[in-house]
Amino acid sequence: MTIDWGLIDTALLGAYKQIIEQLSYIYKPEIVSNVGDSEVTYYIDIHSSTGENALLFGENIEKGLIDVSYGKSRNDLKTWKSNTTILPPISLAPLVNAFTFIHGCALLLDGKTHVIFGPSRSGKTTFILSMLDKGASLISDDIVAVRNSNWFLMPFPKAVAVRNTNDFYFQPQLNKLRMAAPESLRSIYIPKLGLDSYLIHIDSVPGWRYSHDPLKIDYIYLISDNFESDVDLLTFIQYLLAQATMSDSSYVTTLVHIFNLLQAPPFLVDIRNHEKMFQLLHTHHLPTY
């Protein structure tokens, strides 16, 4: 997918330069590969600068300050309307028809894919970043994209959100990510939430990398208070039904197919116990101690 910044008045270009630079950095990778029969381009027209909250797309779309349309060319465009506050606009028809999006994260380690589901602020991103120091590649953070036609896990290299509300804000991996961010990168501040967030690509850190290939899902981990193996299909579906999702396909049917293609039944895990998690991802068996 590509992004076209549309028609911007050259007299106002200076006012938008920082916005365009930041958004170009945040959304530089392809969102997903091979969407439908051809690539889709997002056309973004900026009508007015919005100061510190210039990146809150949902708010600015509602105010008419920013237009987002999509299509194969400028002559065949549809308007995107969504309450989503920041791109990528996964509610666009070419995406939501082709994929199921689930709140979670995924990584590639030793040739196997590992997907982690759980509530927000449960430690998923912190653990994922710690695995990048151990040779893993990031498939996706925050959003897991599954292709509806074959239930493969799709690369979704969106920038990682580093929030000041994160309990691990000064944890070594998060600090490493913050330090690697471009000097021009601004935080996104949401006053009503008191939230200050940076969106940073992990490949800004030397040695950290994205995985770029569609892959079968091998192992799934469901965040809990303890460790348990052999999670059954019903428990798996009930857990995933509680996760935020977006899909025009049958969600339960998709979950059944994913479950049946796993190399082992899902695990319940305490993701804050990094030592046990490291062993589990390497051996695919729960430690006995």
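**Ground rules.** I work on a predicted model, taking local features only at pLDDT of at least 70 and side-chain atom pairs only at pLDDT 80 or more, while totals for chains, interfaces and linings use all residues. I number residues from 1 along each chain as its sequence is written, and side-chain values use heavy atoms, with hydrogens and water left out.

**Helix α4.** I took helices (H or I, at least four residues) and strands (E, at least two) as DSSP runs, numbered from the N terminus. I counted a residue as buried under 20% relative accessible area, exposed over 50% and partly exposed in between, with a 1.4 Å probe and protein chains only. Helix α4 spans residues 124-132, and nine of its nine residues are buried. Among them are Lys 124, Phe 127, Ile 128 and Met 131.

**Cavities.** I looked on a 1 Å grid over the protein atoms alone for sets of points where a 1.4 Å probe fits but cannot get out; lining residues have an atom within 4 Å of a point. Points are joined across faces, edges and corners, and a volume is the space filled by probe spheres set on them. I found two cavities of 30 Å³ or more. β7 (112-117), β9 (143-147), α6 (233-241) and α7 (251-261) each give two or more residues to its lining. The lining includes Val 115, Phe 117, Val 144, Val 146, Phe 236, Leu 240, Leu 255 and Ile 258.

**Aromatic pairs.** I paired rings of Phe, Tyr and Trp (its six-membered ring) with centres within 6.5 Å, calling planes under 30 degrees apart stacked, over 60 edge-to-face and the rest tilted. There are five such pairs. Phe 99 and Phe 101 make a tilted one, 6.1 Å centre to centre with 50° between the planes. Phe 99 is buried at 0% relative accessible area, and Phe 101 is buried at 2%. Phe 236 and Phe 259 are also tilted, at 5.6 Å and 45°. This pair links helix α6 to helix α7, 23 residues apart. Phe 236 is buried at 0%, Phe 259 at 18%. I noted Phe 99, Phe 101 and Phe 156 as one aromatic cluster.

**Charge over a ring.** I required NZ of Lys or CZ of Arg within 6 Å of the ring centre and within 35 degrees of the ring normal. The charged end of Lys 134 sits over the ring of Phe 278, 4.4 Å from its centre.

Methods:
On a 1 Å grid over the protein atoms alone, a cavity is a set of points where a 1.4 Å probe fits but cannot get out, and a pocket is an open set with protein on both sides within 12 Å along at least five of seven lines; lining residues have an atom within 4 Å of a point.
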